[in-house]
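Subject: Structure handover

Hello,

Here is the structure for you to look through.

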Amino acid sequence: MRSYFNGRRRRRQAELEALAGTLGRTRSPLGDAVWRLRHSRPALLALAVLGLMVLACVFGPWLTPWQLDSTDALLSNSAPSARHWLGTDFLGRDILTRLLVAGRISLSVGFVSVLLSVLLGYTAGALAGYLGGIVDALIMRFADLLMTIPSLPLLIIMGAVLSELKVDPDYRIYMVMLMLSLLSWTSLARIVRGQILSLRERDFMLATEVLGLSTRRRLFRHLLPNTVPLLIVAATMGVAGAILNESYLSYLGLGVVPPTPSWGNMMDTANSFVDFQRRPWLWMPPGLAIFCTVIAINVLGDCLRDAIDPKR
Amino acid sequence: MRQFILRRVLLMFPTLLGASAVIFFIFALTPGDFVDGSISLSPERALELKALYGLDHPAWQRYLHWLWQLAHGDLGFSLQYQIPVTELLDRYVWNSFLLASVVLVLYWGLSLLIGVTAAVRPHSWYDRLVTLLVFAAMSFPVFFLCLLLIKWFAVDLAWLPVGGMIATGSESRGWAHVLEVAAHMVLPVLTLVMLQAGSLTRYFRASMLEALALDCVRTARAKGLKERTVVFKHALRNGLLPVITLLGFELPGLFSGAIVTEKLFNWPGAGHIHIDTLAARDYPVLMGFTLFLAVLTILGNLLADIAYALADPRIRIR
């Protein structure tokens, strides 16, 4: 009799352990997304390109034998060779070194400005979505207002203001970051607000209310974390946009200005017809660098969206 | 429906007022103006000119004055070109419009064709190639693409003119003139079509994929209709609707001029004027033009909303 009960208990125990095993193996939504991402070839390729680009820009300048500003009057405008892999510019500065340092600047402008605009957009969107009422109306009307003014003309004007104020070239990078983020937080705010509005009506939020959780816990443990996946996608795409916008501004001479190199202002040399026609090594490498970086970010963002929301 | 449109139209006015304030004060707070920019003036003459252009009044007075003028359809007077802003815009906006309208027709047609054909066979090699090209188009910096095209087709091969709208000093008339302008348009049009077709193709593809998964399409297939009828009659109509409403958003783009492209191809359009007047601190033109674009953007949004409400009655309830 006793052995019979023991046998059943043991069997049930084994069943429970097996069940726990399978439960343990099911992934969280985020883990699931990461798993899907690791099994998508385009995403891995994009990550590899991006990683290579970042590594080269961060460590490259220390590894090249040339200094950023070391000039060589005898070797100005020389074509790519074994000594200077991508040739030299009109002052005899090594193009590859400048390209890598410019990459540091352009990439950090892209990342930091998106970080800032996520901070702004997330706060504004969360406030608007959660509080509703007059706060919502005020924030969203202001966002609509900013969205009605075309952004490139506005950026160009702000760039001109910077030139007028005679901002130190070293500080200009930070101003450009600020400008880009001031114009791009609106779409992020809209996304976050929409997410919060729809999440608020879901059953799990009702459950948190029924369970009597504190407002802080409901907000920070249950509502806001659920908005993060979409935000990651929007932010990734935002980095690509910011890098492109920075390059337009710098190319027009209104963004990051020399002597600080950026991918955009390095292409400024193409404005001189002789350089443009005879010396493509001056302006083609930065253009290709922008293109590769931006396409990698765009592909990665797209794969992220698929990984986070497999229904689409 | 009438109430919906009326509410949207009424909502336009406060938005417009806000946009005008933002635009004005960005310029008003900018240090330096047209008079400060010219170094050849004596201090007395500069003061005189400032009084003449009303630059000596406080910003809020100038804003009200500007609004008053706007209400009478007067956008101000260009300091650099010495003609009214409306006249200046009238002279250059149509060149931009010519460029943009050709581009619009071409890239909508191209995107529709490519997007739909890619959606019919998802994950085929053709679809993958399209996806890759779409990403490439979305990632090209405008000026880099312009430079590459100029370098290859205008400089190295010398097939097409480098820039401008007509050859320097040309006085061609009639068909010769049309052909000349057309030849100058090829490269800018190519650039803009390549850049803009990317994201639109994605919209068409996604929308068509959604339409192909609809129950009515399955029913059409179950009835034994030909695949061509199913795709072009049943799925395409459903797939087109959401994208067609995007046409409203194209309205500002038709007149705004592509700033970077027009500058690089030296196209005498609104975008080119934009950069030129900026260099001279010709604020009346810049303010008038930016406001003009804001108005078009608001109108475009309104059109898109109305088109969407017409297409999908569920939207109107909001």
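This is a predicted model: local features need pLDDT of at least 70, side-chain atom pairs count only at pLDDT 80 or more; totals for chains, interfaces and linings use all residues.

Residues are numbered from 1 along each chain as its sequence is written, chains are lettered from A and ligands numbered from 1 in the order in which they are written, and side-chain values use heavy atoms, with hydrogens and water left out.

Chain B

Chain B has 14 helices and 0 strands. Helices (H or I, at least four residues) and strands (E, at least two) are DSSP runs, numbered from the N terminus. The C-alpha trace of chain B spans about 85 × 60 × 35 Å along its principal axes. Chain B has 318 residues, and 45% of them count as buried. Buried means under 20% relative accessible area, exposed over 50%, partly exposed in between (1.4 Å probe, protein chains only). Take the contacts in chain B between residues at least 6 apart in sequence: 72% join residues at least 24 apart. Contact means heavy atoms within 4.5 Å.

The interface

Chain B gives 38 residues to the contact and chain A gives 37 residues. About 3600 Å² is buried between the two chains, with 82% of that from carbon and sulfur atoms. Buried area is the accessible area (1.4 Å probe) that two parts lose on being put together, summed over both.

The rule finds 1 salt bridge across the interface of chain B and chain A. B:R202 pairs with A:D302 in a salt bridge, and their closest N and O atoms are 2.6 Å apart. The term means a side-chain nitrogen of Lys or Arg within 4 Å of a carboxyl oxygen of Asp or Glu.

Several helices of chain B give two or more residues to the side that touches chain A, among them α1 (2-28), α6 (125-139) and α14 (283-311). α7(B) gives the most, with 8 residues. That side of chain B divides into 26 nonpolar, 8 polar and 4 charged residues. Here Ala, Val, Leu, Ile, Met, Phe, Trp, Tyr, Cys and Pro count as nonpolar, Asp, Glu, Lys and Arg as charged, and the others, Gly among them, as polar.

One residue to look at

B:D127 sits in helix α6 of chain B. B:D127 counts as buried because its relative accessibility is 2%. Leaving out residues up to four places away in sequence, B:D127 touches B:A118, B:R121, B:P122 and B:R205.

Best wishes
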